[in-house]
Amino acid sequence: MADLQANRTGSVSRKTNETAVRVSVNIDGTGTSTISTGVGFFDHMLDHLSRHSLIDMDIKADGDLHVDDHHTVEDVGIVIGQALSKALGDRRGITRYASIDLAMDETMTKAAVDVSGRPFLVWNVAFSAPKIGTFDTELVREFFQALAQHAGITLHVQNIYGANNHHIAETCFKAVARALRMATEIDPRQAGRVPSTKGTLV
(Lines give C-alpha, C1' and ligand atoms only; values in the text may rest on other atoms or scores of the structure.)
Protein backbone atom coordinates (compact mmCIF):
# COMPACT_ATOMS: atom_id res chain seq x y z
CA MET A 1 0.00 0.00 0.00
CA ALA A 2 2.89 2.38 0.68
CA ASP A 3 4.04 2.08 -2.93
CA LEU A 4 0.59 3.02 -4.20
CA GLN A 5 0.59 6.14 -2.08
CA ALA A 6 4.18 7.23 -2.68
CA ASN A 7 3.72 9.00 -6.01
CA ARG A 8 0.20 10.40 -5.83
CA THR A 9 1.29 13.90 -6.70
CA GLY A 10 0.74 16.00 -9.78
CA SER A 11 1.88 19.39 -11.07
CA VAL A 12 0.43 21.19 -14.09
CA SER A 13 0.99 24.63 -15.59
CA ARG A 14 -1.30 26.22 -18.17
CA LYS A 15 -0.86 29.56 -19.91
CA THR A 16 -3.31 31.26 -22.27
CA ASN A 17 -3.93 34.83 -23.38
CA GLU A 18 -6.37 35.09 -20.45
CA THR A 19 -4.65 33.33 -17.55
CA ALA A 20 -1.47 31.74 -16.28
CA VAL A 21 -2.20 28.98 -13.77
CA ARG A 22 0.15 26.68 -11.86
CA VAL A 23 -1.13 23.90 -9.58
CA SER A 24 0.59 21.18 -7.56
CA VAL A 25 -1.36 18.59 -5.55
CA ASN A 26 -0.52 15.78 -3.16
CA ILE A 27 -3.51 13.48 -2.67
CA ASP A 28 -1.98 11.90 0.43
CA GLY A 29 -1.33 15.19 2.15
CA THR A 30 -2.68 16.89 5.25
CA GLY A 31 -4.84 19.59 3.66
CA THR A 32 -2.11 22.22 3.61
CA SER A 33 -2.56 24.88 0.95
CA THR A 34 -0.88 27.93 -0.54
CA ILE A 35 -3.40 29.72 -2.72
CA SER A 36 -3.26 32.98 -4.66
CA THR A 37 -5.73 33.63 -7.48
CA GLY A 38 -6.45 37.31 -6.95
CA VAL A 39 -10.07 36.47 -6.13
CA GLY A 40 -10.51 36.56 -2.36
CA PHE A 41 -13.74 34.61 -2.00
CA PHE A 42 -12.48 31.96 -4.42
CA ASP A 43 -9.22 31.59 -2.46
CA HIS A 44 -11.34 31.05 0.66
CA MET A 45 -13.35 28.29 -1.06
CA LEU A 46 -10.23 26.60 -2.44
CA ASP A 47 -8.76 26.58 1.05
CA HIS A 48 -11.85 24.62 2.16
CA LEU A 49 -11.41 22.24 -0.79
CA SER A 50 -7.84 21.49 0.26
CA ARG A 51 -8.40 21.41 4.01
CA HIS A 52 -11.38 19.05 3.98
CA SER A 53 -10.11 16.73 1.25
CA LEU A 54 -6.69 16.49 2.97
CA ILE A 55 -5.21 17.11 -0.48
CA ASP A 56 -2.25 19.49 -0.30
CA MET A 57 -2.64 22.21 -2.93
CA ASP A 58 -0.27 24.88 -4.18
CA ILE A 59 -2.24 27.16 -6.52
CA LYS A 60 -1.02 30.32 -8.25
CA ALA A 61 -3.11 32.10 -10.87
CA ASP A 62 -2.69 35.37 -12.70
CA GLY A 63 -5.77 36.21 -14.76
CA ASP A 64 -7.53 38.99 -16.60
CA LEU A 65 -9.42 40.17 -13.52
CA HIS A 66 -9.90 43.56 -15.17
CA VAL A 67 -12.42 41.73 -17.37
CA ASP A 68 -14.06 39.66 -14.61
CA ASP A 69 -13.35 36.55 -12.52
CA HIS A 70 -14.71 34.02 -15.00
CA HIS A 71 -11.55 33.01 -16.86
CA THR A 72 -9.52 32.74 -13.66
CA VAL A 73 -12.08 30.58 -11.84
CA GLU A 74 -12.68 28.28 -14.80
CA ASP A 75 -9.00 27.86 -15.64
CA VAL A 76 -8.07 27.12 -12.03
CA GLY A 77 -10.73 24.39 -12.10
CA ILE A 78 -9.22 23.01 -15.30
CA VAL A 79 -5.70 22.89 -13.91
CA ILE A 80 -6.66 21.46 -10.51
CA GLY A 81 -8.57 18.76 -12.39
CA GLN A 82 -5.57 18.00 -14.61
CA ALA A 83 -3.25 17.85 -11.62
CA LEU A 84 -5.61 15.50 -9.75
CA SER A 85 -5.91 13.24 -12.80
CA LYS A 86 -2.13 13.12 -13.11
CA ALA A 87 -1.76 12.32 -9.41
CA LEU A 88 -4.36 9.55 -9.56
CA GLY A 89 -2.74 7.81 -12.53
CA ASP A 90 -4.71 4.66 -13.39
CA ARG A 91 -6.73 4.98 -10.15
CA ARG A 92 -5.33 1.66 -8.96
CA GLY A 93 -6.37 0.68 -5.43
CA ILE A 94 -8.70 3.62 -4.77
CA THR A 95 -12.10 3.39 -3.08
CA ARG A 96 -13.58 5.12 -6.18
CA TYR A 97 -17.10 5.96 -4.92
CA ALA A 98 -18.19 8.25 -2.09
CA SER A 99 -21.04 10.50 -1.07
CA ILE A 100 -21.77 12.79 1.87
CA ASP A 101 -24.52 15.00 3.27
CA LEU A 102 -22.75 18.03 4.70
CA ALA A 103 -24.43 20.43 7.14
CA MET A 104 -23.39 23.98 7.93
CA ASP A 105 -25.73 26.03 10.10
CA GLU A 106 -29.03 26.25 8.16
CA THR A 107 -27.63 24.68 5.00
CA MET A 108 -27.38 21.08 3.81
CA THR A 109 -25.60 20.01 0.63
CA LYS A 110 -25.04 16.54 -0.79
CA ALA A 111 -22.08 15.57 -2.96
CA ALA A 112 -21.51 12.21 -4.64
CA VAL A 113 -18.48 11.29 -6.68
CA ASP A 114 -17.28 8.47 -8.90
CA VAL A 115 -13.57 8.75 -9.67
CA SER A 116 -14.24 6.88 -12.86
CA GLY A 117 -12.23 8.50 -15.64
CA ARG A 118 -15.59 9.55 -17.13
CA PRO A 119 -16.32 13.25 -16.62
CA PHE A 120 -19.86 14.35 -15.86
CA LEU A 121 -21.43 17.01 -13.68
CA VAL A 122 -24.97 17.04 -12.31
CA TRP A 123 -25.56 20.40 -10.61
CA ASN A 124 -28.69 21.04 -8.58
CA VAL A 125 -27.74 24.18 -6.69
CA ALA A 126 -29.56 27.50 -6.81
CA PHE A 127 -28.48 30.82 -5.36
CA SER A 128 -30.92 33.57 -4.40
CA ALA A 129 -28.55 36.38 -5.41
CA PRO A 130 -26.18 36.87 -8.36
CA LYS A 131 -23.22 37.75 -6.16
CA ILE A 132 -21.56 36.90 -2.86
CA GLY A 133 -19.76 40.16 -2.19
CA THR A 134 -18.15 40.80 -5.58
CA PHE A 135 -18.04 37.10 -6.59
CA ASP A 136 -20.51 35.87 -9.23
CA THR A 137 -22.43 32.92 -7.78
CA GLU A 138 -22.74 31.31 -11.23
CA LEU A 139 -18.97 30.76 -11.15
CA VAL A 140 -19.35 28.09 -8.46
CA ARG A 141 -20.88 25.79 -11.07
CA GLU A 142 -18.29 26.83 -13.66
CA PHE A 143 -15.50 25.79 -11.31
CA PHE A 144 -16.95 22.36 -10.59
CA GLN A 145 -17.75 21.78 -14.27
CA ALA A 146 -14.10 22.43 -15.15
CA LEU A 147 -12.86 20.32 -12.23
CA ALA A 148 -15.03 17.32 -13.07
CA GLN A 149 -14.24 17.50 -16.79
CA HIS A 150 -10.49 17.61 -16.38
CA ALA A 151 -10.13 15.35 -13.34
CA GLY A 152 -12.17 12.69 -15.12
CA ILE A 153 -14.75 12.32 -12.36
CA THR A 154 -18.51 11.99 -12.25
CA LEU A 155 -19.73 14.58 -9.76
CA HIS A 156 -23.25 15.20 -8.47
CA VAL A 157 -23.89 18.19 -6.20
CA GLN A 158 -27.28 19.02 -4.71
CA ASN A 159 -28.10 21.77 -2.27
CA ILE A 160 -30.95 20.29 -0.26
CA TYR A 161 -31.77 23.51 1.59
CA GLY A 162 -30.17 26.73 2.75
CA ALA A 163 -30.78 30.45 3.08
CA ASN A 164 -27.36 32.10 3.15
CA ASN A 165 -25.59 32.12 -0.21
CA HIS A 166 -22.12 32.09 1.34
CA HIS A 167 -23.09 28.97 3.29
CA ILE A 168 -24.54 27.32 0.17
CA ALA A 169 -21.30 27.89 -1.77
CA GLU A 170 -19.16 26.82 1.16
CA THR A 171 -21.07 23.57 1.69
CA CYS A 172 -20.61 22.76 -1.99
CA PHE A 173 -16.84 23.05 -1.69
CA LYS A 174 -16.70 21.24 1.65
CA ALA A 175 -19.00 18.41 0.55
CA VAL A 176 -17.06 17.83 -2.66
CA ALA A 177 -13.83 17.91 -0.66
CA ARG A 178 -15.04 15.27 1.78
CA ALA A 179 -16.35 13.05 -1.00
CA LEU A 180 -13.04 13.34 -2.88
CA ARG A 181 -11.15 12.49 0.28
CA MET A 182 -13.11 9.25 0.73
CA ALA A 183 -13.19 8.26 -2.94
CA THR A 184 -9.47 8.75 -3.55
CA GLU A 185 -8.34 6.94 -0.41
CA ILE A 186 -6.50 3.67 -0.90
CA ASP A 187 -8.76 0.71 -0.12
CA PRO A 188 -6.59 -2.01 1.46
CA ARG A 189 -9.08 -4.67 0.34
CA GLN A 190 -8.53 -3.75 -3.31
CA ALA A 191 -4.99 -5.12 -3.06
CA GLY A 192 -3.80 -2.68 -5.70
CA ARG A 193 -6.48 -3.54 -8.26
CA VAL A 194 -8.25 -1.03 -10.48
CA PRO A 195 -11.79 -0.86 -8.99
CA SER A 196 -13.63 -1.85 -12.18
CA THR A 197 -14.70 -5.09 -13.80
CA LYS A 198 -13.24 -3.68 -17.06
CA GLY A 199 -9.81 -3.54 -15.44
CA THR A 200 -9.35 0.12 -16.33
CA LEU A 201 -10.85 3.48 -15.38
CA VAL A 202 -9.11 5.52 -18.05
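# Close-up views of a predicted model

**View 1. Asp114 and its contacts.** Setting aside neighbours within four places in sequence, Asp114 is in contact with Arg96, Tyr97, Ile153 and Thr154. Contact means heavy atoms within 4.5 Å. This is a predicted model, where local features need pLDDT of at least 70, side-chain atom pairs count only at pLDDT 80 or more, and totals for chains, interfaces and linings use all residues. Residues are numbered from 1 along each chain as its sequence is written, and side-chain values use heavy atoms, with hydrogens and water left out. Asp114 is found in strand β6 (residues 107-114). Strands (E, at least two residues) and helices (H or I, at least four) are DSSP runs, numbered from the N terminus. Is Asp114 buried or exposed? Asp114 is buried, with a relative accessible area of 10%. Buried means under 20% relative accessible area, exposed means over 50%, and partly exposed lies in between (1.4 Å probe, protein chains only). Asp114 and Gly152 are 38 residues apart in sequence, and their C-alpha atoms are 9.1 Å apart in space.

**View 2. Two arginines in the loop between α3 and β5.** Arg91 sits in the loop between α3 and β5 (97-104). Its phi is near 65°, a positive value in a residue other than glycine. Arg91 counts as buried, at 2% relative accessibility. Arg96 is found in the loop between α3 and β5 as well. The phi of Arg96 is also positive, about 80°, although Arg96 is not a glycine. Arg96 is buried, with a relative accessible area of 5%.

**View 3. Helices α3 and α4.** In general, two packed helices are described by the angle between their axes and the distance between the axes. Here the axes of α3 (residues 70-88) and α4 (residues 138-151) come within 7 Å and cross at roughly 25°. Axes are lines fitted to C-alpha atoms, for helices over the stretch in contact, and angles run from 0 to 180 degrees between N-to-C directions. The angle makes α3 roughly parallel to α4. Angles under 35 degrees count as roughly parallel, over 145 as roughly antiparallel, 65 to 115 as roughly perpendicular and the rest as oblique. α3 passes α4 in a right-handed crossing. A crossing is right-handed if the near helix is turned clockwise from the far one by less than a right angle, and left-handed if anticlockwise. Residues in the contact include Val76, Ile80 and Leu84 of α3 and Phe143, Ala146 and Leu147 of α4. By class, this contact of α3 with α4 has ten nonpolar, six polar and two charged residues. Ala, Val, Leu, Ile, Met, Phe, Trp, Tyr, Cys and Pro count as nonpolar, Asp, Glu, Lys and Arg as charged, and the others, Gly among them, as polar.

**View 4. Helices α4 and α5.** α4 and α5 pack at an angle of about 15°, with their axes 10 Å apart. That makes α4 roughly parallel to α5. Their crossing is right-handed. Which residues make the contact? They are Val140, Phe143 and Phe144 of α4, and Ala169, Cys172, Phe173 and Val176 of α5. By class, the contact of α4 with α5 has seven nonpolar, no polar and no charged residues.

**View 5. Helices α2 and α5.** The axes of α2 (residues 40-53) and α5 come within 7 Å and cross at roughly 30°. That makes α2 roughly parallel to α5. The crossing of α2 and α5 is right-handed. Among the residues in contact are Phe41, Leu46 and Leu49 of α2 and Ala169, Phe173 and Arg181 of α5. The contact of α2 with α5 divides into eight nonpolar, five polar and four charged residues.

**View 6. The largest nonpolar core.** In soluble globular proteins, nonpolar side chains tend to be buried together. The largest nonpolar core here has 56 residues, of which Leu46, Val76, Ile80, Val113, Phe143, Phe144 and Leu155 touch the most other members. Helix α5 (residues 165-184) gives the most to this core, with ten residues. A nonpolar core is a set of buried Ala, Val, Leu, Ile, Met, Phe, Trp, Tyr and Cys residues joined through side-chain atoms within 4.5 Å. Beyond neighbours within four places in sequence, Ile80 is in contact with Val23, Leu46, Ile59, Phe143 and Leu147.
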